[in-house]
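Here is a short briefing on one protein chain and its ligand. Take a look at the model, then read the points by topic.

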Amino acid sequence: MNDANQPRRNRALRLGLIDGDGIGPEVVRAAGQVVDEALAAAGAPPVEWVPLLMGHRAIAEFGTPLPEQTLEELAGVDAWILGPHDNASYPAEHRVAPGGLIRKHFGLYANIRPARAFAGVRAAAPDIDLVIVRENSEGFYADRNMFAGSGEFRPTPDVAMSVGLVTRAACERIAHEAFRLAATRRKRVTIVHKANVLPLTMGLFRDVCREVGGAYPGIEVDDEHVDAAAAHLVRAAADYDVLVTENLFGDILSDLAGELSGSLGLAASLNCSATTAMAQAVHGAAPSLAGHNRANPAALQLSSAMLLRWLATRDAEGTLARAGERIERAVAATFEAGIATADLGGLASTGEFTEQVCARVHRR
Ligand code: IPM
Ligand code: MN
């Protein structure tokens with residue numbers, strides 16, 4: 001891992017590139033292409049890509065969906081782009097979610113999931129412009145919330161239980177992420193919880209977020225139950241700026257927000273800690289679309305732009321921030337020109353859409 005305090009003086013970035021399953025290879029390639037193009041346009045040296053295996057190909061070659069080699073290599077790169085995985089189709093003995101394991105392994109405690117409308121894209125919420133800040137390390141995720149064993153268990157064939165984990169430390173660090181982000185935006189944070197039926201776990205989450213908010217006097221705070229927030233999002237998404245919420249609620253609400261912005265195929269996301277980051281789209285592997293060159297690559301392209309902006313915080317010369325901005329502007333301009341993939345009612349293939357974005361990355 002790089003020294004976070006070391007300003008990067010235009011040395012080449014080393015980025016992991018993990019195809020994953022289903023439409024993964026197509027959208028990961030499309031994301032890598034726009035990153036290459038944007039760095040060239042911003043005057044940064046080319047990326048040194050480090051291709052790594054996860055998913056079905058990893059099972060075939062190494063007998064496991066997330067090989068040790070992949071984790072070891074990731075520890076040595078600056079950051080990485082992760083394709084989707086289709087773990088539901090892995091053989092029963094391998095049915096883990098590699099993306100969850102990677103988040104846990106590297107302590108990527110924050111999942112930043114923006115949803116915004118684009119000119120030229122028909123959206124149920126044409127004025128949506130919000131960011132869901134999802135706690136990414138605990139909550140009700142049985143595969144992530146235990147040191148050993150699982151948070152789910154089944155004492156008899158007819159009884160199953162699961163536990164949720166909420167700690168003050170995790171609430172504090174995710175709340176700080178949300179308030180810091182809101183300070184750069186419209187200065188509003190909504191804490192989303194369900195403290196009426198989970199008063200201890202969700203009450204702790206809500207209360208700690210409120211406490212942390214006390215340190216950010218310029219930010220307006222309110223809180224909502226998750227069911228009310230889901231309805232409110234559909235009715236008036238533009239009311240929201242930053243939402244901070246626990247893992248499961250953030251997972252669900254970010255799919256909803258993505259669709260409200262036009263398509264889940266637009267929904268970008270960054271998983272990060274203070275020292276490491278991973279770009280990963282909100283959508284899954286869409287196996288039925290795989291290999292048809294029809295998937296929307298915008299979500300992973302925009303996730304990669306977020307990755308460059310995150311890396312830019314340790315880049316003395318600002319080229320990475322400019323490259324990230326170029327990708328965002330180029331994707332928006334491509335939509336505005338009426339070019340889109342089938343999920344948005346367009347005719348462009350994955351490759352055609354990407355060519356159009358790459359061409360626009362060079363425009364000022
Ligand atoms: C998500 C997914 C994940 C989760 C997978 C990809 C690990 O649903 O991030 O949206 O289970 O958290
Ligand atoms: Mn999800």
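The model is predicted. Val221 sits in strand S9, which runs over residues 220-225.

- Apart from neighbours within four places in sequence, Val221 is in contact with Phe179, Val189, Ile191 and Arg210.
- Val221 and Leu243 are 22 residues apart in sequence. Their C-alpha atoms are 9.8 Å apart in space.

**Domains and annotation**

- The chain splits into domain 1 (11-107 + 267-363) and domain 2 (124-261).
- The contact takes seven residues from domain 1 and eight residues from domain 2.
- Taken over C-alpha atoms, the centres of domain 1 and domain 2 are 24 Å apart.
- An unreviewed UniProt entry carries the annotation "domain: Isopropylmalate dehydrogenase-like" for residues 14-357.
- That span, residues 14-357, is 40% helix and 17% strand. The C-alpha atoms at its ends lie 23 Å apart.

**Ligand 1**

- Which residues are around ligand 1? They are His85, Gly99, Gly100, Arg103, Arg113, Arg134, Tyr141, Arg144, Asp251 and Gln280.
- Arg134 places a polar side-chain atom 2.7 Å from an oxygen atom of ligand 1.
- For Arg144, a polar side-chain atom lies 2.8 Å from an oxygen atom of ligand 1.
- Asp251 has a side-chain N or O atom 2.9 Å from an oxygen atom of ligand 1.
- On its own, ligand 1 has 320 Å² of accessible area, and the protein covers 80% of that.

**Asn247**

- Asn247 belongs to helix H8, residues 247-260.
- Is Asn247 buried or exposed? Its relative accessibility is 0%, so Asn247 counts as buried.
- Leaving out neighbours within four places in sequence, Asn247 is in contact with Arg134, Glu135, Asn136, Ser137, Glu138 and Tyr141.

**Asn296**

- Asn296 lies in the loop between strand S12 (277-280) and helix H9 (298-312).
- Asn296 is buried, because its relative accessible area is 5% and the buried class means under 20%.
- The side chains of Asn296 and Asp343 are joined by a polar contact of 3.0 Å.
- The Asn296 side chain also reaches the backbone oxygen of Gly265, at 3.3 Å.
- Not counting residues up to four places away in sequence, Asn296 touches Val27, Gly265, Leu266, His283, Thr341, Asp343 and Leu344.

**Gly120**

- Where is Gly120 found? Gly120 is in the loop between strand S4 (110-116) and strand S5 (129-135).
- Gly120 counts as exposed because its relative accessibility is 64%, and exposed means over 50%.
- Leaving aside neighbours within four places in sequence, Gly120 is in contact with Phe335 and Glu336.
- Gly120 and Ala340 are 220 residues apart along the chain. Their C-alpha atoms are separated by 9.0 Å.

Terms used:
Residues are numbered from 1 along each chain as its sequence is written. Chains are lettered from A and ligands numbered from 1 in the order in which they are written. This is a predicted model: local features need pLDDT of at least 70, side-chain atom pairs count only at pLDDT 80 or more; totals for chains, interfaces and linings use all residues. Side-chain values use heavy atoms; hydrogens and water are left out. Helices (H or I, at least four residues) and strands (E, at least two) are DSSP runs, numbered from the N terminus. Buried means under 20% relative accessible area, exposed over 50%, partly exposed in between (1.4 Å probe, protein chains only). Contact means heavy atoms within 4.5 Å. UniProt positions are given in the numbering used here, feature names are shortened, and annotations may be inferred rather than shown by experiment. A residue is near a molecule or strand if one of its heavy atoms lies within 4 Å of it. A polar contact is a pair of N or O atoms within 3.5 Å; within protein, one must be able to donate a hydrogen and the other to accept it, and residues adjacent in sequence count only if both atoms are side-chain atoms. Accessible areas come from the Shrake-Rupley method with a 1.4 Å probe; for residues, only the protein chains shown count as cover. Domain bounds come from an automatic or database domain assignment.
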